[in-house]
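Good morning, and thank you for making time for this presentation. Please have the sequence and the model in view as we go through a few selected places together.

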Amino acid sequence: PVHNEPIGRAASGEVIFGLFIILSIYFFLREKWYISLIVFSLALLSKESAVMFPFALTILAVVRNGFKRGFILASPYFLLIALYLAIRLLVVDSVSGHRTEQSVLAQALTMVVATMDYMKLLVFPFPLSPFYPARWYTFFEHRVLFSILFLVMIFCLAFKCRKDKVMLFLLLSLFIMLSPVIFMVNAFVVGNSYDIMYIAERFLYMPSMLFSLFAAAFIARAHIAKKILTASWIAVALVFVVILSLSTGMWKSESVLASKIIAKYPDVSFAHNILGLISLDEGRLDEAAREFDTAIRLQPRFAEAHNNLGLVYAGQGEPDKAVIAYKTAISVNPFYARAYNNLGNIYMAMGLTDNAITWYQNALKLDLNLYLTHNNLGFAYKQKGLMSEAAGEFEAALKLKPDFIPARQNLEMLRMQRQ
């Protein structure tokens, strides 16, 4: 059931990442080193947290082959990580990380609690939630004390399993693969909003595979009677079916998802923005304005909500308010190309064609793939009598989206006028 989120939101990155890691382990165990490396490289391209995999693999290599040969076998994977990080720094000029004003102690304690929460979701995945609001923990909170005790128990279990190569590898690998998201606790920003998540269920897709294998290995060594195992498996399956039936409904539609989030956490701005967009699409402009206003009140730097509020004002025939909303969106996010495009639209509606052209051009400087903006700019050029420039923009729109009928109609009309 904990995979409710990655499946519900079609988080294909998590699924592909998990597949490639498991395949890399499989080919490593079959001693097909080159295939294992190739598959691991695909895992790196799927999700950057794959950089932790060689640390887990080193444990397996060492316990199977001894220290010297184990490190030799694991070294190509570390070289591949170094190459990946070097390319990443050259191409995107950054490696993921986050900053916070919290003390090191608060961060460490919160990571400890997050570790226990992730494990709790693996063992008993209920209740499930698409959103876990950010929060920080202090030392004397009961959840912190329970979490520290939990980690001590895990350490004792690892020590007890130190002579069992399979159990030790699976247990330590589970926590190694979880470590990147534990380190990034309270750093997951939702979409273009400023809402921050504490943890996310989708990050358990790969660790759940290792957890399942660890549970299977533990049961195999416990020598439990077959009848008891069968009954236990059926009971667990039935419980999971019930949990799934209670949880999957939240992914029925964006409206249901946003409503459920707001019902539990009323101060989540992106959920209000979703409901506002739904109301806007359905023509309920007053309701849409209320939702966007709420999103802005909760997150004043939420550029998308400001932009969407501008769409409402434009629909209500209040162009001056729309201009203010769009410019506010641009002020909080100067790289938000859609707001530039919408500002151009409102100026066109006001008859200020020169202003509209300027804002369309600014939008395309930020994102040349906005086919709507190419079409809008072409129409503005046509209004100014710049037919060659207009044709070029209509053609650019069709190149990006060949089935975009308005651009095709505009281009055909322009050609007819030229004839």
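This is a predicted model: local features need pLDDT of at least 70, side-chain atom pairs count only at pLDDT 80 or more; totals for chains, interfaces and linings use all residues.

Let us begin with Glu-31, which counts as partly exposed, at a relative accessibility of 49%. Glu-31 sits in the loop between helix H2, residues 12-29, and helix H3, residues 33-46. Its backbone deserves a remark: phi of Glu-31 is near 60 degrees, a positive value in a residue other than glycine. As background, most residues other than glycine have a negative phi.

Asn-186 lies in the loop between H8 and strand S1, residues 188-189. Is Asn-186 buried or exposed? With a relative accessible area of 7%, Asn-186 is buried, because the cut-off for that class is under 20%.

Let me now step back to the chain as a whole. The chain has 419 residues, of which 46% are buried. Its secondary structure amounts to 20 helices and two strands. The C-alpha trace spans about 85 × 45 × 45 Å along its principal axes. Taking the contacts between residues at least 6 apart in sequence, 62% join residues at least 24 apart.

Which residues touch the most other members of the largest nonpolar core? They are Ile-21 and Tyr-118, in a core of 83 residues. Helix H8, residues 165-183, supplies the largest share of this core, namely eleven residues. For Tyr-118, if we set aside neighbours within four places in sequence, the contacts are Leu-178, Val-181, Ile-182, Phe-188, Ile-199, Ala-200, Phe-203 and Leu-204. Apart from this core lies another, of 46 residues, and its members include Val-312, Ala-329, Leu-370 and Ala-407.

Two loop positions come next. Pro-127 is placed in the loop between helix H6, residues 104-123, and H7. The peptide bond joining Phe-126 and Pro-127 is cis, with omega at about -5 degrees. In general, most peptide bonds are trans.

The other position is Cys-161, in the loop between helix H7, residues 142-160, and H8. Cys-161 is buried, at a relative accessible area of 7%. Beyond its neighbours within four places in sequence, Cys-161 is in contact with Met-167 and Leu-168. Leu-171 is ten residues from Cys-161 along the chain, and their C-alpha atoms are separated by 8.8 Å.

Asn-307 is located in helix H14, residues 303-315. Its relative accessible area is 3%, and Asn-307 is therefore buried, the cut-off being under 20%. Not counting residues up to four places away in sequence, Asn-307 touches Tyr-326, Ala-329, Tyr-336, Arg-338, Ala-339 and Asn-342.

How do H16 and H17 run relative to each other, parallel or antiparallel? The axes of H16, residues 337-349, and H17, residues 353-366, cross at roughly 165 degrees and come within 8 Å. Angles over 145 degrees count as roughly antiparallel, and H16 and H17 are therefore roughly antiparallel to each other. H16 passes H17 in a left-handed crossing. From H16, the contact involves Ala-337, Tyr-340, Asn-341, Leu-343, Gly-344, Asn-345, Tyr-347 and Met-348. From H17, the contact involves Thr-353, Asn-355, Ala-356, Trp-359, Tyr-360, Asn-362, Ala-363 and Leu-366. The residues of this contact comprise ten nonpolar, six polar and no charged.

H17 also packs with helix H18, residues 371-383, at an angle of about 150 degrees, the axes being 9 Å apart. H17 and H18 are therefore roughly antiparallel as well, and their crossing is left-handed. Thr-353, Ile-357, Tyr-360, Gln-361, Ala-363 and Leu-364 of H17 meet Thr-373, His-374, Asn-376, Leu-377, Ala-380, Tyr-381 and Gln-383 of H18. The residues of the contact of H17 with H18 divide into seven nonpolar, six polar and no charged.

Thank you for your attention.

Methods:
Residues are numbered from 1 along each chain as its sequence is written. Side-chain values use heavy atoms; hydrogens and water are left out. Axes are lines fitted to C-alpha atoms, for helices over the stretch in contact, and angles run from 0 to 180 degrees between N-to-C directions. Helices (H or I, at least four residues) and strands (E, at least two) are DSSP runs, numbered from the N terminus. Angles under 35 degrees count as roughly parallel, over 145 as roughly antiparallel, 65 to 115 as roughly perpendicular and the rest as oblique. A crossing is left-handed if the near helix is turned anticlockwise from the far one by less than a right angle, and right-handed if clockwise. Contact means heavy atoms within 4.5 Å. Ala, Val, Leu, Ile, Met, Phe, Trp, Tyr, Cys and Pro count as nonpolar, Asp, Glu, Lys and Arg as charged, and the others, Gly among them, as polar. A nonpolar core is a set of buried Ala, Val, Leu, Ile, Met, Phe, Trp, Tyr and Cys residues joined through side-chain atoms within 4.5 Å. Buried means under 20% relative accessible area, exposed over 50%, partly exposed in between (1.4 Å probe, protein chains only).
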